[in-house]
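Please look over the sequence and the structure shown below before reading on.

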Amino acid sequence: MSLTAAMKTAQSSFSNVGLQSAVVSKNIANASDPAYARRAAVLATASSGATVVETQRAQNEALLKQNLLSISKASAQDAVLAGLSRMKMMLGGEDYELAPSTYLAKLRDNLQTFADKPNEVSLAETVVADAIDVATSLNSTSEALQKLRSEADADIDTAVKELNRLLKEFKTYNDQVRQGTAAGTDVNDALDQRDKLLTQISGLVGVTTVNRTNNDLALYTSDGTVLFETEARAVSFVPTTTYTATVAGNQVLIDGVPVQMGAAGNTSARGTIAGLLQIRDHAAPTFQAQLDETARSLINMFSENTVGGAMDGLFIRNGVAVGDDLTVDTVVPGLSTIIKVNPAVITNQGGNAKLLRDGINETFNIDNNASFSVLLNNYAAAFETPVTFDPAAAIDTNTSLLAFSSGSVGWLEQLRSAATTAADDKNALLARTQEALQSVTSVSLDEELALLLDLEQSYKASAKLVAAVDEMITALLQAAG
């Protein structure tokens, strides 16, 4: 090897060590950033030895796509579980002590006790108090459900705004990647940011990706709607400020196509938006229908068959008389919100609790018999008598009121239990996919420090080569002199 060749080799080595050290230093500096993918300086053989030709970014397309899918599934499942858990808390939590079914069972038991001792005024007052508890439970649960729907609607609005912001930012980095790739410049930092945005987008809506020329990335929702293709597609939503049982929320539109809500406890939804839609438009309305059917059955059960026809009994709906819409076996939306106890039997409202025994609208106990219990026994028996319920309530359509109200609790618990199990499974899968992806892309400080030691040895070897060449040139100059 000539002295000139030796010097060129040393220069090339110094240059390589400098570039490699810069890459390693950047890796170490960003080791704690989960969005950063490890870099590696790639060497190639040249006339003067090895030379750095590019800085490669660690990546695995298959693992990235699996991670995006896991994120969207887990995010949707968490949204559904949170909504169902809120619904359970409305009923008192684990024991469901605030559920209408709990108060209904107590009302039935005390009503039977009153029927056995129909002359006890205190028992009559107890039954009326129990009836008030039932109505209050239906009212408060119904109102809480509509509040839940309203909050879900607000969360959807927030998520849509965030999605639009992310897509706008995604375009910025996607353009940098596309233009930089075409020009042959380093786009690794832009790729990091683009992938970070992609994981955030997948948490809001399920996405699939398609790589195109110059590393351009197109995004589609899990049902095939275009989300981003050179330009971000419009994601639109008009929030609803006030919810009642008769109000339906607005759709979320992506490029004019409605986002489909998820279904079942183990939800089919992808992304938070679809999970929130499932709570707002299916889970809460279905439970609302169950409450409304419970209220309808109660009003009918305690209505009095007088000579003038069916009239209000123990339960009324804010002064609106019993009508055909309550006797037909269909849901009356919002009925559980307005059901209340007839003031005619509430003592502190000027009523008389014993009218429940004798008749509210006309006297059935004509002889004022202290042991008269015909009406009371009929009411107690009605709790166990099968009646028809609307299929919209999604539980047994021909059963007793007590069984129906218990079935409502069972329906919610089954749904929430399935959601809990699915959330555990999907979050475990997400943790595994993230771990697998990070094992490929994340920075290992041990490996980087070991590489720095190797680079140090390479630098020392190059320095020794330069020193040897210097000594040889000095010797030649002395010999020539």
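In this predicted model, the accessible surface of the protein chain comes to about 22300 Å², and carbon and sulfur atoms contribute 53% of that area. The chain has 481 residues, of which 44% are buried, and its secondary structure consists of 12 helices and 15 strands.

**Helix H6 and two of its partners**

Helix H6 covers residues 272-301, and its packing can be described through two other helices, H2 (residues 61-90) and H4 (residues 121-183). The table sets out the two pairs.

| Helix pair | Axes come within | Crossing angle |
|---|---|---|
| H2 and H6 | 7 Å | roughly 30° |
| H4 and H6 | 9 Å | roughly 165° |

The axes of H2 and H6 cross at roughly 30°, which makes H2 roughly parallel to H6, and the crossing of this pair is right-handed. On the H2 side the contact is made by Ser-75, Ala-76, Ala-79, Val-80, Gly-83, Leu-84 and Met-87, while H6 brings Thr-272, Gly-275, Leu-276, Gln-278, Ile-279, Ala-283, Ala-284 and Phe-287. Sorted by class, the residues in the contact of H2 with H6 comprise 10 nonpolar and 5 polar ones, with no charged residues.

For H4 the axes cross those of H6 at roughly 165°, and H4 and H6 are therefore roughly antiparallel to each other. The crossing in which H4 passes H6 is left-handed, and the residues of this contact divide into 19 nonpolar, 5 polar and 5 charged.

When its neighbours within four places in sequence are left aside, Ser-297 is in contact with Val-387, Phe-389 and Leu-401. A further relation concerns Phe-383, which is 86 residues from Ser-297 in sequence, whereas the C-alpha atoms of Ser-297 and Phe-383 are 9.7 Å apart in space.

Key
Residues are numbered from 1 along each chain as its sequence is written. This is a predicted model: local features need pLDDT of at least 70, side-chain atom pairs count only at pLDDT 80 or more; totals for chains, interfaces and linings use all residues. Side-chain values use heavy atoms; hydrogens and water are left out. Helices (H or I, at least four residues) and strands (E, at least two) are DSSP runs, numbered from the N terminus. Buried means under 20% relative accessible area, exposed over 50%, partly exposed in between (1.4 Å probe, protein chains only). Accessible areas come from the Shrake-Rupley method with a 1.4 Å probe; for residues, only the protein chains shown count as cover. Contact means heavy atoms within 4.5 Å. Axes are lines fitted to C-alpha atoms, for helices over the stretch in contact, and angles run from 0 to 180 degrees between N-to-C directions. Angles under 35 degrees count as roughly parallel, over 145 as roughly antiparallel, 65 to 115 as roughly perpendicular and the rest as oblique. A crossing is left-handed if the near helix is turned anticlockwise from the far one by less than a right angle, and right-handed if clockwise. Ala, Val, Leu, Ile, Met, Phe, Trp, Tyr, Cys and Pro count as nonpolar, Asp, Glu, Lys and Arg as charged, and the others, Gly among them, as polar.
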